[in-house]
Amino acid sequence: MTQPASVGAAGGTRYPTVAAVLVTVTFFGLLVVWPLASVFQRSLADVGPDRLVDILGRGSVRKALFFTVWQSFASAALTLAIGLPIAHAIARYQFWGRKLIRVVAVVPFVLPTVVVGAAIEAAFSRVGLSLGRSVLAILAAHVFFNVAIVIRVVGGFWAGLDQSPVAAARVLGASPFAAFRWVTLPRLMPSIVGAGVLVFLFSFTSFGVILILGRGGRATLETEIYRNAIFRQEFDVAAVLALVQLLVVAVLSLFAARFQRRHATAQRGRDRRGALPLRTAGQRLHVFGIILLVVGVIGIPVLALVDASLQVGGGYGFGNYRNLLDKVSLLPVSPARSMFTSLWFALIAALIAAVVGLLAAFAVVRAGRVGSWLETLALIPLGVSAVTLGFGYLLAFTVFDLRRSPWLIPLAHAVVGVPFVLASVVPALRGIDDRFRQAAAALGAPPGRVLLLIDWPLIRRAAFTGAGFAFAVSLGEFGATTFLSRGEESFTAPLAIFRLLSQPGDLLRGQALALSVLIGLMVAGIAAILERGRGEEVGLL
Amino acid sequence: MSELSDWSGRLSAPLLSLRNVTLSYGDTVALSAVNLDVGAGKVVAVIGPSGCGKSSLLRAVAGLEPLTNGRIELDGQSLEGVATHERGLGLMFQDHALFPHLSVGDNVAFGLRMQHQPTEQRQQRVGELLDLVGLAGLQSRAVHSLSGGEAQRVALARALAPSPRLLMLDEPLGSLDRVLREQLASELRRLFTELGVTALHVTHDQAEAFTMADHIVVLRNGQIEQQGAPAELWHSPTSVFVAQFLGHPNIWKDTSGHVLAPITAVRVDPNGPIEAQVEQVEFREGRFRVTARELVVVEARRLVFDHNSALAVGDVVRLFVDKAQLAALAD
């Protein structure tokens, strides 16, 4: 393998890069590839083609598959319909609260799925609609959860779009609409398709939301995998369903990547004035409508959740919060204790994710072609559903009885967290002008010092951002944890919320809501801190 | 300066006329009471340092920025309330602003498509224009594969394709290197004359303006400082600002104010009254440009002149200044 010339100045010897590659490969090999390979083996080799066809032909499977696909389509379409006008407004207009929208929108995205479910249910019952457990509620939850993707991915891209071609088109005789249709939209398309596919995939692999809001009998691939693996011990059926899901995720991801590659356009214009001040009454009215939309989509569910958590026997109070300290017979531990377990796991998971993520980022950036393979490898956990991953652990880790290890849950959480660290650190690392390193080396800094004095200060912020997201994701992780949790030592808060919500009774519901608010507050707080003082960036993180 | 200069031909009304045009963004005033005429078939260059309001002027004419005050007329008709796309203009940007998702041919055809011209006619016109700018046969090329000069030619073809009434050029050659810039500037000049194009050309490069324009307008802080034919402007700048901006090196402070000495007014003369020491010598297009500092006097002037043979730094020379060529400048 030939090394580019700049690597000498940038990375010193190759051994650190090789070590980073090895750590990355081992981590993901053990915790992603092996479990997924077990799913493949179980579904393809062990089950056999005849049984596979038989399983796929079952009514319940076909029904779940059909519902999964159409609700994902509907969720993606609805999220785009609501998110695009918001993205447009924050990309093109300057107004009070514009930055706040970007921060507020990211909160639902990091909220635990069970909390999202609880919030939507609370919102629907607050307005007196008995639709709390309908398809509509599921779609609303998915919009609430994913609208941040559209706002941030498309909005960020839109804000950075060179405006001079639009002016050129207008001068050439294009009306404002024609200029949008022929010049702006085609250039936005890659980001719209990217965001749409992401929303589709997140809705496709949605689990906690469906379990809570779909109890009227709505089943998706995810819930069917869970039901077959945990309650019915039908590992074959679960494996086949997981296979179908993996295929859909893989095909769609490839499609999105290809589309974006093919339609990405280089920008070399300099007219990036971005957002403009509001000038006409019409524009002010427009922006006001957008703010109302944001409040409606994001604010109402959050407020309804907080409101419901404070209701005790007809009045308001903190009773539900005090009750968190009491042990309930339904749970192995008190809700308060489950919260501390979650915090502890999240801390460990964030640490692991930060260390592995940083090493992986260096490997991705420094190791040439191997690096780009590693990037794909490390991003798999973002696309694969947590349920499939958890199920894979169940199948794979029978060997040394790893399933009983108390470390497995934080490790699994770290696996889901590493892509966030990577997504944050890799662009920062790539953004460092190699001449800084060359200058430092020329001034006498050995490679280690260059790393410490040039690279680290420039990626520190990105590393903390990534680790913070990993922490938040771990705090709310539900899908994989349901497969791996055993007993009181590993009973996390999202599990507690789900179990409390799954039984009737105001006391239990009150506890679940209070716990949701506390977890939600922590996650939102972290997201807000990470967002503070950041500029406008393209992309989710 | 007078609102109507003789160059624009009183025989026919100007094609474009700006009257008292004022443009402000919030508290900043980009253009203040600008009066300007562009006669049919003429090329008018607007020059000035960055931030003087040149680009705002173009954006105002294009209708991309609403006027705060004043009026703009094209062909004798007010442009107020006429949207950008209905003005029938051509605009060429410094960064080309080619549509990155369209091919070269589709870029050039864009304006024709907006006019709903049939495909066949469009293709023919695109072919003609690419021919005209020296890029025949490049219809299907992707725009990102073009060199800077090629991209600029495509941008020109695109702007000219719909036969605009007025072509506007915003630093059209700013992103090119010097040799290419000079070559394209004279090429544009020839093309505009041939086709009878009326153009409003904005640039910070006075050399480019002198090459291309029939009439030059110097803009400063959103106001017109001076305008006139290139030779007139060069020979009689009225203010220090204009003289400096055009590149006159000998601007001296006098008891009565500032004085401009054209470079031809200073020469070496053994009997000259001024004694000066050479500070700097640059070789320029076959001659030597010499900067010398006056000796003996208290407030020493720097004198710049062209000389046929090399002088050494430190040499002491005697200089003669032709008083007849001196002109007073406003501060």
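Buried means under 20% relative accessible area, exposed means over 50%, and partly exposed lies in between (1.4 Å probe, protein chains only). The model is predicted: local features need pLDDT of at least 70, side-chain atom pairs count only at pLDDT 80 or more, and totals for chains, interfaces and linings use all residues. Residues are numbered from 1 along each chain as its sequence is written, chains are lettered from A and ligands numbered from 1 in the order in which they are written, and side-chain values use heavy atoms, leaving out hydrogens and water.

**View 1**
At 6% relative accessibility, Leu305(A) is buried. Leu305(A) belongs to helix 13 (residues 281-309) of chain A. Helices (H or I, at least four residues) and strands (E, at least two) are DSSP runs, numbered from the N terminus. Setting aside neighbours within four places in sequence, Leu305(A) contacts Val115(A), Ala118(A), Ala119(A), Ala122(A), Leu513(A), Ser516(A) and Val517(A). Contact means heavy atoms within 4.5 Å.

**View 1. Ser338(A) in helix 15.**
Ser338(A) sits in helix 15 (residues 335-366) of chain A. Its relative accessibility is 0%, so Ser338(A) counts as buried. Not counting residues up to four places away in sequence, Ser338(A) touches Val333(A), Phe491(A), Thr492(A), Ala493(A), Ala496(A) and Leu515(A).

**View 2. Pro381(A) in helix 16.**
Helix 16 (residues 368-383) of chain A holds Pro381(A). Pro381(A) is buried, at a relative accessible area of 4%. Beyond neighbours within four places in sequence, Pro381(A) is in contact with Phe28(A), Val32(A), Val415(A), Val416(A) and Pro419(A). Pro381(A) and Ala412(A) are 31 residues apart in sequence; C-alpha to C-alpha, they are 9.8 Å apart.

**View 3. Helix 3 against helix 12, chain A.**
Helix 3 (residues 49-57) of chain A packs against helix 12 (residues 235-263) of chain A at about 80 degrees, with axes 10 Å apart. Axes are lines fitted to C-alpha atoms, for helices over the stretch in contact, and angles run from 0 to 180 degrees between N-to-C directions. From helix 3 of chain A come Arg51(A), Leu52(A), Ile55(A) and Leu56(A); they meet Asp236(A), Val237(A), Val240(A), Leu243(A) and Val244(A) of helix 12 of chain A. By class, this contact between helix 3 and helix 12 of chain A has seven nonpolar, no polar and two charged residues. Ala, Val, Leu, Ile, Met, Phe, Trp, Tyr, Cys and Pro count as nonpolar, Asp, Glu, Lys and Arg as charged, and the others, Gly among them, as polar.

**View 4. Aromatic pairs in chain A.**
Over all chains, the structure holds 23 aromatic pairs. Phe200(A) and Phe204(A) form a stacked pair, 5.8 Å centre to centre with 20 degrees between the planes. Rings of Phe, Tyr and Trp (its six-membered ring) pair if their centres lie within 6.5 Å; planes under 30 degrees apart count as stacked, over 60 as edge-to-face and the rest as tilted. Both Phe200(A) and Phe204(A) lie in helix 9 (residues 176-204) of chain A, four residues apart, about one turn of the helix. Phe200(A) and Phe204(A) are both buried. Phe420(A) and Phe469(A) are also stacked, because their ring centres are 6.1 Å apart and their planes at 10 degrees. Phe420(A) is in helix 18 (residues 408-431) of chain A and Phe469(A) in helix 20 (residues 447-476) of chain A, so this pair ties together parts 49 residues apart in sequence. Phe420(A) and Phe469(A) are both buried.

**View 5. Positive phi in two loops.**
Most residues other than glycine have a negative phi. Gln233(A) has a positive phi, near 55 degrees. Gln233(A) lies in the loop between helix 11 (221-231) and helix 12 of chain A, and is exposed, with a relative accessible area of 56%. Ser163(B) also has a positive phi, about 50 degrees. Its loop runs between helix 4 (148-160) and strand 7 (166-170) of chain B. Ser163(B) is exposed, at a relative accessible area of 52%.
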